[in-house]
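Biologist: Please show me the model, and let us then discuss its architecture and its confidence.

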Amino acid sequence: MHLPSRRVILRAGLIGAGVLAVRGRVNNPGQAQTGAILPRPDVASPEGAEMLRIFADAVGKMMAMPAGDPRGWVFQWHIHAVRDDRSKAAELARVYSDPSDPDRLLAGLIWDTCEAHFDPLRVNFFLPWHRMHLMSFERLVRSITGATHFAMPYWDYTDPDRRALPAQFRLPDDPLWKPLFRRDRNPGVNDGRPVDQVGEAPLGLNAMMSPGYADTLDGDAGFCANLDNAPHSSVHVDVGTRERGMGAVSWAANDPIFWLHHCNIDRIWASWNRAGGRNPTDEAYLGQVFTFVDEAGKPLQRRVADVLDTAPLGYAYDRYLDRPLGSVPFPSASGLRFTVHAALHELSDPVALGSEPTIVRLSADGSTPYFARLRTALRARRPFYLRVAGVRITRQPGVSYEVHLDPMRLAAPDRASRSYVGTINVFGAVARGSHTGREPAPYTNPRNYSFVITDLVRNLLQAGRLTASPNVMLVPTGALRRDAAPTVDNISLVSS
């Protein structure tokens with residue numbers, strides 16, 4: 001089919017390195033059917049299978065486009081992150097021979113801009129940035145295929161029976177489905193085994209139990225950061241290798257399952273909002289603008305405030321999720337107040353994590369006996385959290401860390417142990433310098449994690465545990481990469 005020319009429009013829309021958004025377009029082949037709210041379907045449903053067929057057709061056509069075409073596969077992949085075997089500057093020079101090419105100017109502006117892998121202090125933009133990227137890609141699929149009814153399907157791995165990679169992604173010789181196949185997946189994934197069984201991280205929904213979107217700084221790390229950790233990062237490292245697969249930020253968007261994965265992450269966000277979760281309202285969040293590509297390959301800007309409700313954006317989901325049992329109630333206008341029961345406080349020498357389990361002993365806080373305070377808080381139905389804060393990483397470590405509270409001393413704990421809290425996934429730890437052609441700068445901005453563990457605390461107390469200040473054990477899922485050196489500033493057991 002005929003696709004609109006980009007070059008003339010881009011030359012008019014790019015001034016130097018600046019980009020102008022185009023608004024108010026009508027009769028646009030990338031737009032959804034006029035006035036329609038299209039339901040994004042489960043890929044396992046008949047509707048999802050139809051959408052996946054359109055998606056596979058589009059992926060094949062995009063892969064055949066030149067690397068420098070903003071509508072093409074490589075360009076869209078590099079918006080998320082440029083491959084890490086070359087610098088961004090080298091990749092721009094390889095793809096574009098003309099430094100003044102408007103497509104190159106656009107690539108220089110929007111390649112390598114994923115939020116918030118390169119700076120965890122911007123983690124609150126993780127969800128809106130990926131929603132915008134997904135919407136932009138959805139429009140491209142409609143335009144390239146002519147299917148204006150297309151809606152991105154999602155892979156519902158929250159269902160324990162749906163955790164194998166969809167079969168259509170595992171058929172390298174099938175004429176229709178082969179664009180969806182990638183070899184850089186973990187052993188067993190392309191054989192149809194459940195990804196959480198062959199991978200290193202569970203796919204739980206503990207994040208939906210968080211009552212607030214953002215980090216409280218003294219208790220809950222917030223829904224957004226916790227969702228970024230799991231199941232988002234869990235799926236990445238469970239599906240793909242950490243070299244050139246879904247488990248590496250720089251290569252993740254080259255695997256077509258990336259889009260169905262992030263569609264499900266977006267569904268989880270929409271489900272949390274429908275249940276009563278509130279997004280930030282500060283102007284620094286609402287006013288942030290990101291640039292992507294429309295169906296003509298032109299720059300398209302969106303503001304965070306404009307993408308927080310899916311209905312005005314023209315889509316919904318065929319099914320939403322309920323919050324898990326034991327979720328923390330959403331707070332009143334006065335917010336949450338946290339009580340620290342035991343903590344490893346910030347020290348001059350943070351705790352180093354290595355290739356062997358690390359045991360950290362927490363110190364009890366307060367004048368009231370520690371055990372009595374725990375029981376009093378539990379009787380008052382106060383939720384408990386374990387907060388792991390100030391996680392600093394100088395290089396991508398190549399492992400995740402299982403976290404255990406007060407594990408038994410005589411047994412090596414695992415995810416089936418009654419002490420298991422959750423897993424810290426550091427998939428997103430990438431040094432920005434790795435894409436500049438310079439030696440990567442240390443990845444020093446900290447990440448914070450938290451887990452709602454009310455049921456775990458109750459079970460441990462009933463078993464006669466937690467009678468003294470507890471230990472926390474962090475168990476690596478493999479051998480740490482050289483020079484990674486993760487450290488932790490603070491671990492605390494708190495209630496709200």
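Biologist: What share of the residues scores at least 70 in pLDDT?

Modeller: The structure is a predicted model, and pLDDT is the predictor's confidence in each residue. The average for the protein is 89. The share of residues with a score of at least 70 is 88%.

Biologist: Over which residues does pLDDT stay under 50 while the model has 54 contacts beyond four places in sequence?

Modeller: Two stretches may be named here. Residues 433-440 have a pLDDT below 50, and this stretch has 20 contacts beyond near neighbours in sequence. The stretch with 54 such contacts is residues 1-27.

Biologist: Which strands stand at the edges of the open sheet of 5 strands?

Modeller: The order of this sheet is S10-S7-S17-S11-S14, and its pairing is antiparallel. Each edge strand has a single partner strand, so one side of each is left without a neighbour in the sheet. The edge strands are S10 (363-364) and S14 (447-452).

Biologist: In S10, which residue is the bridge partner of alanine 342?

Modeller: S7 is joined to S17 by 5 bridges in antiparallel fashion, and in S17 serine 495 is the bridge partner of threonine 339. S7 is also joined to S10, again antiparallel, by 2 bridges. In S10, the partner of alanine 342 is alanine 364.

Biologist: How are H12 and H13 oriented to each other?

Modeller: The axes of H12 and H13 (residues 454-462) come within 11 Å and cross at roughly 125°. Their crossing is left-handed. H12 and H13 are therefore oblique to each other.

Biologist: How many residues in the contact of H12 with H13 are charged?

Modeller: H12 contributes Phe371, Leu374, Arg375 and Leu378, while H13 contributes Thr454, Arg458 and Leu461. By class, the contact comprises 4 nonpolar residues and 1 polar residue, and the number of charged residues is 2.

Biologist: Are H3 and H6 roughly parallel or roughly antiparallel to each other?

Modeller: H3 (residues 73-80) and H6 (residues 126-145) have axes that come within 11 Å and cross at roughly 175°. An angle over 145 degrees counts as roughly antiparallel. H3 and H6 are therefore roughly antiparallel.

Biologist: How many charged residues does the contact of H3 with H6 have?

Modeller: In H3, the residues Trp73, Gln76, Ile79 and His80 meet Trp129, His130, His133, Phe137 and Leu140 of H6. This contact has 5 nonpolar and 4 polar residues, and the count of charged residues is none.

Biologist: What is the handedness of the crossing of H4 and H5?

Modeller: H4 (residues 88-95) and H5 (residues 102-110) pack at about 160°, with their axes 11 Å apart. H4 and H5 are therefore roughly antiparallel to each other. The crossing of H4 and H5 is right-handed.

Biologist: Where is arginine 381 found?

Modeller: Arginine 381 is not a glycine, yet its phi is positive, at about 60°. Its place is the loop between H12 and S11.

Key
Residues numbered from 1 in each chain as written. Predicted model: local features only at pLDDT ≥ 70, side-chain atom pairs only at ≥ 80, totals over all residues. Heavy atoms only, no water. Axes fitted to C-alpha atoms, helices over the stretch in contact; angles between N-to-C directions. Helix = DSSP H or I, 4+ residues; strand = E, 2+ residues; numbered from the N terminus. Parallel < 35°, antiparallel > 145°, perpendicular 65-115°, else oblique. Contact = heavy atoms within 4.5 Å. Nonpolar A, V, L, I, M, F, W, Y, C, P; charged D, E, K, R; others polar. Pairing = 2+ DSSP bridges. pLDDT = per-residue confidence, 0-100. Left-handed = near helix turned anticlockwise from the far one by under 90°.
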